[in-house]
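Subject: Structure for your files

Dear colleague,

Here is the structure we spoke about. My notes follow below it.

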Amino acid sequence: MAPITNEQELQKTEFRWAMIVTGAVTVLFAVIGISSFVMALHPPSHVESIDPATVSQSKEFAESNLGTSVDPDGAVTVRIIATQFAFVPRCIPVPQGKPVTIRVTSPDVIHGFLIAGTNANTMVVPGYVAEVRTVFGTAGDHLMPCHEFCGLGHSEMWALVRVVPQAQWQTDADGKARCDISR
Amino acid sequence: MTYRADRLILAHFGVAFAAFALAILLGAWQMTVRSGLEPAFTSPEAYFASVTAHGTIMGYVMPTLFIMGFGYFVSVTTLDRPLPSLRLAWAGFWLVIVGVAMALPAVFSGKATVLYTFYPPLTGSVFYYLGLVLVVVGSWFWVGLMIWAMAGWKKDNPGKPVPLAMYGNVANAFLWLWTTVGVAVELLFQVIPASLGWTQTIDIGLARTLFAWTLHPIVYFWLLPAYIVFYTIAPRAAGGRLYSDMMGRLSFLLLVLYSLPVGMHHLFMDPEHGTGFKFLQMMLTVLVTVPTLLTIFTIGASMEIAGRLRGGKGLFGWIGALPWDRPMVLATCLSFVLLGFGGFGGIINMSYGMNAMIHNTSWVTAHFHLIYGGTVVIMYFAIAYEFWPKLVGREPLSLKPIRLQLWMWAIGMVVTTFPWHILGLEGQPRRVATFDYTNPMIAHWQNWTIVSMIGGYILLTSGLLFVWNLLTLYRGAEADRQMHYAVAVYPPHRVPSALNGFDLCNGLVLFLMLMAYGYPVAQFFFIKDYPALVHRVDLGN
């Protein structure tokens with residue numbers, strides 16, 4: 001048997017491989033550690049509870065308060081209800097290149113969404129407000145499908161995020177922005 | 001071998017593969033629906049019932065029965081003694097069968113369309129959940145028998161190393177016992193009471209956390225038989241020896257330790273947990289790569305020994321010298337390659353920053369199909385081809401259709417899953433029945449979806465050829481029924497007790513689980529959270 005002459009040699013080879021494994025794991029740790037702590041890339045982990053039975057009576061998620069609002073200080077917040085089988089509102093305008101906070105909750109079952117072509121992604125769990133903070137770089141329409149099975153109508157549950165260039169960004173007197181899906 | 005449990009093992013394998021054939025048929029049909037080519041046969045009721053059945057069979061029924069049969073075979077052949085109780089083994093089998101007979105009709109009648117991950121507060125027929133509980137309880141009989149078998153052998157062979165295959169097998173039994181705790185608690189204390197109408201609400205954060213407890217290690221439960229075979233059968237099939245017995249033990253032990261406290265990486269995008277424990281479990285997830293990297297080295301080295309013994313020369317010459325005509329050697333290699341693809345996708349998933357790009361997209365489906373179908377099931381095929389002749393005493397008529405079947409499976413996996421990776425990066429959500437391809441924003445998804453559908457039919461053909469190959473075996477020539485396992489280059493005479501039993505292992509698991517899940521589970525009992533109302537899916541609209 002050519003490759004191995006004695007047990008010590010075998011163990012030496014194993015030890016060398018163990019060093020390579022340690023190196024590989026260290027690299028993984030470093031990549032994740034740096035992206036988490038230095039670049040502050042964290043998933044949405046905003047443990048904030050809300051009673052799903054009374055979501056629509058809450059001040060924040062009352063129907064008139066849903067959608068995109070710009071506060072007097074310029075902060076942009078999008079409030080959405082994800083419900084079987086639609087997002088309210090269905091068309092969501094956001095300004096390009098500005099920080100946007102999306103706050104979503106569900107009065108019924110588990111939903112989730114992603115915004116195609118971006119890193120915006122979260123689960124929407126009844127009983128909690130999911131919060132995603134992001135900046136939209138590219139102007140144009142982005143699809144926003146529900147990405148978690150929520151019942152037989154799940155495949156039809158889509159919204160649209162319209163990223164508007166800052167020059168064309170408009171709000172009404174209450175600081176609300178609206179858009180329509182026309183296709 | 002003197003002692004046998006052939007009928008018991010064949011019963012487990014037979015039902016496992018019959019269910020498997022049904023599930024791949026459903027899988028191919030689901031891809032046809034998604035492709036948009038056949039809208040006539042499409043309804044969301046049928047599609048999601050099919051997804052539920054596919055996941056239930058592939059996740060709970062097929063691997064559980066296969067692994068039970070595999071464990072009985074390994075126990076009898078490595079310890080060379082009968083099972084501690086054949087009667088209890090049959091009782092476990094029948095519990096699983098009764099469970100399947102309760103759960104699947106509920107699924108196919110559309111009364112349990114909740115997917116195999118349950119997703120409360122969606123709530124279906126209680127027969128679905130009770131059926132699955134029986135499947136798990138039946139598998140606990142197997143767990144008990146495997147632990148009992150090893151303990152009995154150790155008592156009669158004091159100080160001797162437990163045969164490596166059996167050591168891995170009992171590692172898997174303990175792993176499964178730990179794994180099932182989460183889902184058992186979720187079903188028994190949350191979902192089943194709701195399904196019976198005893199409770200009207202469910203704490204969803206708790207339910208999701210308990211399910212995550214199970215959802216990751218269950219994959220390693222499926223995977224362990226493949227690893228056991230890499231170490232204890234493949235080197236011999238290649239004509240060589242196992243490079244290191246100790247490395248096998250260490251890998252099995254580490255797989256039990258590191259696959260358990262990591263399930264919260266399935267909850268990275270969930271709002272009910274903070275970043276702290278998500279980060280901790282992500283770091284622990286990184287460590288799962290260690291036993292896999294050790295295995296790749298040890299099996300690679302074992303194969304090199306075989307190749308050189310067969311006259312292979314030079315740095316890579318030994319690879320060509322391996323007996324590629326043997327199904328076990330071919331399957332091991334294909335399994336490693338697909339594990340590489342699947343593992344790459346997995347590293348993206350487990351990095352909680354990058355995961356945001358692809359969470360709940362087709363990318364994830366691609367990842368776990370590569371691991372499950374590409375790494376695990378292809379080895380189940382190889383195991384069946386290895387064990388079946390021993391069980392029925394017949395040689396295969398020819399190895400050609402067997403090799404063809406394995407190649408088709410591997411190619412089918414690549415053709416199915418590579419488009420899913422691309423579609424996932426473009427934002428295609430998983431678990432959606434139909435897409436509106438007339439929408440110009442997603443029209444270009446259709447071509448890739450059709451490619452993966454073609455992959456699905458390659459897989460279906462391969463799966464049916466597998467069943468055919470097993471059936472034609474009965475017409476073959478008489479076979480040697482003796483099972484031989486690979487011998488290590490330096491067979492161990494004594495091994496440390498930590499690598500010959502599971503006391504230390506279980507102690508460490510307990511510690512890791514308390515550390516990883518103690519607070520995340522306990523928080524639901526003291527933070528102010530609100531349960532969700534039960535949403536029944538089985539009462540009509």
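B:Thr275 lies in helix α10 of chain B, residues 275–287 (helices are DSSP runs of H or I with at least four residues, numbered from the N terminus). With a relative accessible area of 29%, B:Thr275 is partly exposed (buried is under 20%, exposed over 50%, partly exposed in between, with a 1.4 Å probe and protein chains only). Leaving aside residues up to four places away in sequence, B:Thr275 touches A:His42, A:Pro43, A:Ser45 and B:Tyr352 (contact means heavy atoms within 4.5 Å). B:Tyr352 is 77 residues from B:Thr275 in sequence, and their C-alpha atoms are 9.6 Å apart.

This is a predicted model, in which local features need pLDDT of at least 70 and side-chain atom pairs count only at pLDDT 80 or more, while totals for chains, interfaces and linings use all residues. Residues are numbered from 1 along each chain as its sequence is written, chains are lettered from A and ligands numbered from 1 in the order written, and side-chain values use heavy atoms, without hydrogens and water.

Also in chain B, the axes of helix α6 (residues 204–215) and helix α18 (residues 503–526) come within 9 Å and cross at roughly 160°. α6(B) is therefore roughly antiparallel to α18(B) (angles over 145 degrees, on a scale from 0 to 180 between N-to-C directions). Of the residues in this contact, nine are nonpolar, two polar and none charged. Among those of α6(B) are B:Leu206 and B:Trp213, and α18(B) contributes residues including B:Met513 and B:Phe524.

In chain A, the domain assignment gives domain 1 (1–42) and domain 2 (52–177), with centres 43 Å apart over C-alpha atoms.

Regards

Definitions and conventions
Helix = DSSP H or I, 4+ residues; strand = E, 2+ residues; numbered from the N terminus. Parallel < 35°, antiparallel > 145°, perpendicular 65-115°, else oblique. Nonpolar A, V, L, I, M, F, W, Y, C, P; charged D, E, K, R; others polar. Domains from an automatic or database assignment.
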